[in-house]
Amino acid sequence: MDSILKYRFEAFLISFCLVVFGSLFFPPKLFENLLEPAFIILNISAGFTIIYRLEKWRRFYTVLFISTLVFELINCFYGFGDHTYLQLILFALLVLYYLIVTVAIVREVWHTEEVTRNVIFGVMGGYTALGLISFFIFLGIEMADPGSFSGLDSSNPTTQNQSLLYMAYITLMSIGYGDITPTTQIAQKATVLVGLLGQFYLVIITGVVVGKYINQQRK
């Protein structure tokens, strides 16, 4: 178990990149039907290796992990059909689960005393996890009020989710191409919030780690 925990940040970051960018390297049908579900399960499992180190509430985290994993397995291989309430339960589980993972990564990186390769992967993993939380924010807004973002293909849920994920990350990185735009007040405020979170992370979290690394090299 210790050897798995040692590479927890690397596993989380790599598995997440495989979920997002895997379609660039694998045949579409193979990726969508087999590899993407496997990478999602792998990423959820990698997230558990991060929060497992938190002794307080560990039993709750374990139950949350198992529940999220089971619901995601059912969704990946069987689907929920017209059972909207099951989709909402999975959405709530994913939001809570990845929020805890993100906070755990940021806390561990923040309190680290020695900057190692593992910590650098942690900084990168924290940023990608923050982008995922941003995606959940945008998706929740669009689910509650369809049409909150223009430029989405609402007729295809998969395409819409991919577009919102894209929107989340370009907003987090303060790029913004204008192809997808918020049209309601809550969507606009959420977009501003995501942009601020991205800047705060780079300036504060990354800045603190860089400062610790510089002091470490001087000793």
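1. Just after helix 4, Gly-79 takes a positive phi of about 80 degrees; helices here (H or I, at least four residues) and strands (E, at least two) are DSSP runs, numbered from the N terminus. The model is predicted, so that local features need pLDDT of at least 70 and side-chain atom pairs count only at pLDDT 80 or more, whereas totals for chains, interfaces and linings use all residues. Residues are numbered from 1 along each chain as its sequence is written, and side-chain values use heavy atoms, with hydrogens and water left out.

2. Two further residues have a positive phi without being glycines: Trp-57, with phi near 65 degrees, and Ser-174, at about 60 degrees. Trp-57 is in the loop between helix 3 and helix 4, and Ser-174 is in the loop between helix 7 (157-172) and strand 2 (181-182). With a relative accessible area of 56%, Trp-57 is exposed, while Ser-174, with 46%, is partly exposed; buried means under 20% relative accessible area, exposed over 50%, and partly exposed in between (1.4 Å probe, protein chains only).

3. Helix 4 comprises 20 residues (58-77), which at 1.5 Å a residue should span 28 Å, and its end C-alpha atoms are 28 Å apart, which agrees; the expected span of a helix is 1.5 Å times one less than its number of residues. Its buried residues are Tyr-61, Leu-64, Phe-65, Thr-68, Leu-69 and Glu-72. They cover an arc of only 130 degrees around the axis, which puts them on the same side of helix 4, the arc being that of the directions from the helix axis to the C-beta atoms. Their cover includes helix 3 (28-51) and helix 5 (84-111), where contact means heavy atoms within 4.5 Å.

4. The packing of helix 3 against helix 4 is given by an angle of about 175 degrees, with the axes 10 Å apart. Axes are lines fitted to C-alpha atoms, for helices over the stretch in contact, and angles run from 0 to 180 degrees between N-to-C directions. The two helices, helix 3 and helix 4, are therefore roughly antiparallel to each other (angles under 35 degrees count as roughly parallel, over 145 as roughly antiparallel, 65 to 115 as roughly perpendicular and the rest as oblique).

5. On the helix 3 side, the residues that meet helix 4 include Pro-37, Ile-40, Phe-48 and Ile-51, and among their partners in helix 4 are Tyr-61, Phe-65, Glu-72 and Phe-77. The residues of this contact divide into 12 nonpolar, 3 polar and 1 charged; Ala, Val, Leu, Ile, Met, Phe, Trp, Tyr, Cys and Pro count as nonpolar, Asp, Glu, Lys and Arg as charged, and the others, Gly among them, as polar.

6. Thr-49 is also in helix 3, and at 11% relative accessibility Thr-49 counts as buried. Not counting residues up to four places away in sequence, Thr-49 touches Ile-4, Leu-5 and Arg-8.

7. Helix 7 has 16 residues and reaches 22 Å from its first C-alpha to its last, close to the 22 Å expected at 1.5 Å a residue. The buried residues of helix 7 include Gln-160, Ser-163, Leu-164, Met-167 and Tyr-169, and what covers the buried residues of this helix includes helix 2 (8-21), helix 6 (117-144), strand 1 (149-150), strand 2 and helix 8.

8. Gly-207 belongs to helix 8 (residues 185-218) and is partly exposed, with a relative accessible area of 33%. The C-alpha atoms of Gly-207 and Phe-136 are separated by 26 Å, the two residues being 71 residues apart along the chain.
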